[in-house]
Amino acid sequence: MKAIIVGAGIAGLSAARHLKARGLEVLVVEASPFVGGRVRSAPVGESLVGVGATWIHQPNGNPITELCDEFGLDRTKFDLGDLSAFQQLHDNTLLDDASSALVRAIEDDFWKQFNPDGAESGESAADLMSGYFDARPKDIVHRRARALILNAFETELCAPAHLIGASNFLAQTRLYDGGDEVIVGGYSTLVDCMAAGLALRLSWPVARISQKSSCVEVIGIDDIVETAAYVIVTVPLGVLKAQAIRFEPAPPDPISFAVDQLGFGVFEKVVLQFKERWWTTQPTPNGMHLLNDTTFRYWLDISHLARFPTLVAHVAGPPAENLSPTPASRISEALTALRSHFDVVPAPSAAVATTWQSDPWTRGGYTRLPPGVDGNLIDDLAQPFGRVVLAGEHTSRWRYGYVDGALESGIRAAKQVIGLAAS
């Protein structure tokens with residue numbers, strides 16, 4: 001029996017490995033020239049830097065951790081929670097220690113009182129912020145703290161705060177624990193291990209998936225047809241929303257409704273590498289928040305990973321949607337933002353900027369629940385229709401938006417195919 005996997009990201013590779021291990025013939029087709037999907041590393045100078053997913057969040061008990069152990073891949077601690085305490089806060093200038101401490105104290109108090117369990121289904125992250133800040137002083141320290149928290153929400157969930165449902169934060173805290181880690185060498189090392197030995201066809205975009213009574217035809221944009229008994233479709237939610245692949249017949253109403261209602265955010269990165277570390281001399285990996293910048297608010301120092309002085313801007317939600325279209329212009333804008341806060345910012349020795357939103361095979365970042373949208377819609381996406389099954393982080397009820405959610409969705413879809421074949 002043959003199965004075709006559409007998409008060579010983590011979900012697709014996971015599904016393919018599971019089916020191949022159980023004796024099925026498997027072909028993985030991928031629109032881009034790369035395996036990994038939104039898990040990708042790019043050369044920046046002499047470094048390889050993750051320009052998509054980077055962290056293993058909550059690694060204890062996480063299947064990504066278990067897979068790294070299986071392949072003998074080393075990991076290193078890179079805890080974003082601890083890291084934020086070392087980040088410098090800037091508005092027009094670097095905040096002094098006393099002002100930074102006050103801002104951090106307000107931020108800490110907000111997160112201690114943050115309680116999505118008590119939120120109404122229609123409440124948003126913006127509502128939660130208003131509930132905290134509206135009754136408090138309107139002084140500059142509170143305004144700075146509010147800007148810091150707003151950036152945390154919008155960067156984490158890739159959307160304006162008023163379009164982020166409070167219920168997001170109920171789902172993603174489940175299952176695992178522990179501080180964040182990264183894979184030594186980046187996620188691409190894991191992807192390469194997963195892809196080894198699989199039948200792959202890269203640079204082959206799928207135009208249509210047509211179900212027959214006894215098979216499924218997968219038709220590329222070049223009109224070449226591949227036939228299989230079952231198909232697992234792992235393309236990102238943004239690609240499904242754009243209807244870039246035509247399904248014949250169309251998916252049932254619950255699946256179409258879920259695709260329409262679930263949110264899919266925008267997350268971009270700008271990586272700047274320098275000959276010397278000009279922003280700080282302290283050895284602790286850190287970064288900076290530019291509190292009054294409307295676009296390049298959040299910077300991480302990844303020099304310890306890249307082995308050269310390297311800053312990465314995380315641009316998500318509304319700021320990412322308003323970025324100029326080309327990588328070169330994004331790099332220029334990022335440098336302008338830094339130079340508005342620092343007296344001397346040299347030209348980078350190497351730089352890379354992503355364009356995930358305009359990439360036709362990704363169309364953005366990852367999934368979120370808008371206010372009032374029921375997370376059970378994600379379960380609807382995970383239901384087979386005929387000989388087709390969907391997988392990907394958007395089909396993982398409790399870990400959407402996470403690489404481990406994509407991984408486990410691939411295994412779930414593979415098991416569904418095996419069950420369909422046996423019925």
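Biologist: How many aromatic pairs does a search of the whole structure find?

Modeller: In this predicted model, the search finds 17 aromatic pairs. One of them is formed by Trp111 and Phe114, with 5.3 Å centre to centre and 75° between the planes.

Biologist: What makes Phe114 buried or exposed?

Modeller: Buried means under 20% relative accessible area. Phe114 has 19%, so Phe114 is buried. Trp111, at 31%, falls between the cut-offs of 20% and 50% and therefore counts as partly exposed.

Biologist: Which parts does the aromatic pair of Trp278 and Phe342 tie together?

Modeller: Trp278 and Phe342 form an edge-to-face pair, at 5.2 Å centre to centre and 75° between the planes. Trp278 lies in the loop between strand 16 (267-273) and strand 17 (287-290), whereas Phe342 lies in the loop between helix 13 (327-339) and strand 20 (350-353), so the pair ties together parts that are 64 residues apart in sequence. Phe342 has 14% relative accessibility and so counts as buried.

Biologist: Which residues form one aromatic cluster?

Modeller: The cluster consists of Phe110, Trp111, Phe114, Tyr132, Phe133 and Phe153. Over the face of Tyr132 lies Arg136, at 3.6 Å from the ring centre.

Biologist: How do you know that Arg399 lies over the face of Tyr402?

Modeller: The CZ of Arg must be within 6 Å of the ring centre and within 35 degrees of the ring normal. Arg399 is at 3.9 Å from the ring centre of Tyr402, and it is listed as lying over the face.

Biologist: Why are strand 5 and strand 6 said to stand at the edges?

Modeller: The open sheet of three strands has the order 5-8-6, with antiparallel pairing. Strand 5 (55-56) and strand 6 (75-77) each have a single partner strand, so one side of each is left without a neighbour in the sheet. Strand 6 is joined to strand 8 (residues 181-183) by three bridges, and pairing requires at least two, so these strands count as paired. Arg75 stands opposite Ile183 in strand 8.

Biologist: What makes the buried residues of helix 13 line one face?

Modeller: Arg330, Ile331, Ala334, Leu335, Ala337 and Leu338 are the buried residues of helix 13. Seen down the helix axis, they fall within an arc of 155°, so they line one face. The face turned away from that buried side carries the exposed residues Ala328 and Thr336. Strand 18 (298-301) and strand 19 (310-316) are among the elements that cover the buried residues of helix 13.

Biologist: Which elements do the buried residues of helix 15 pack against?

Modeller: They pack against helix 1 (10-21), helix 2 (63-71), helix 8 (187-195), strand 13 (230-233) and strand 22 (388-390). Among the buried residues of helix 15 are Gly405, Leu407, Ala413 and Val417.

Technical notes:
Residues are numbered from 1 along each chain as its sequence is written. This is a predicted model: local features need pLDDT of at least 70, side-chain atom pairs count only at pLDDT 80 or more; totals for chains, interfaces and linings use all residues. Side-chain values use heavy atoms; hydrogens and water are left out. Rings of Phe, Tyr and Trp (its six-membered ring) pair if their centres lie within 6.5 Å; planes under 30 degrees apart count as stacked, over 60 as edge-to-face and the rest as tilted. Buried means under 20% relative accessible area, exposed over 50%, partly exposed in between (1.4 Å probe, protein chains only). Helices (H or I, at least four residues) and strands (E, at least two) are DSSP runs, numbered from the N terminus. The arc is that of the directions from the helix axis to the C-beta atoms. Contact means heavy atoms within 4.5 Å.
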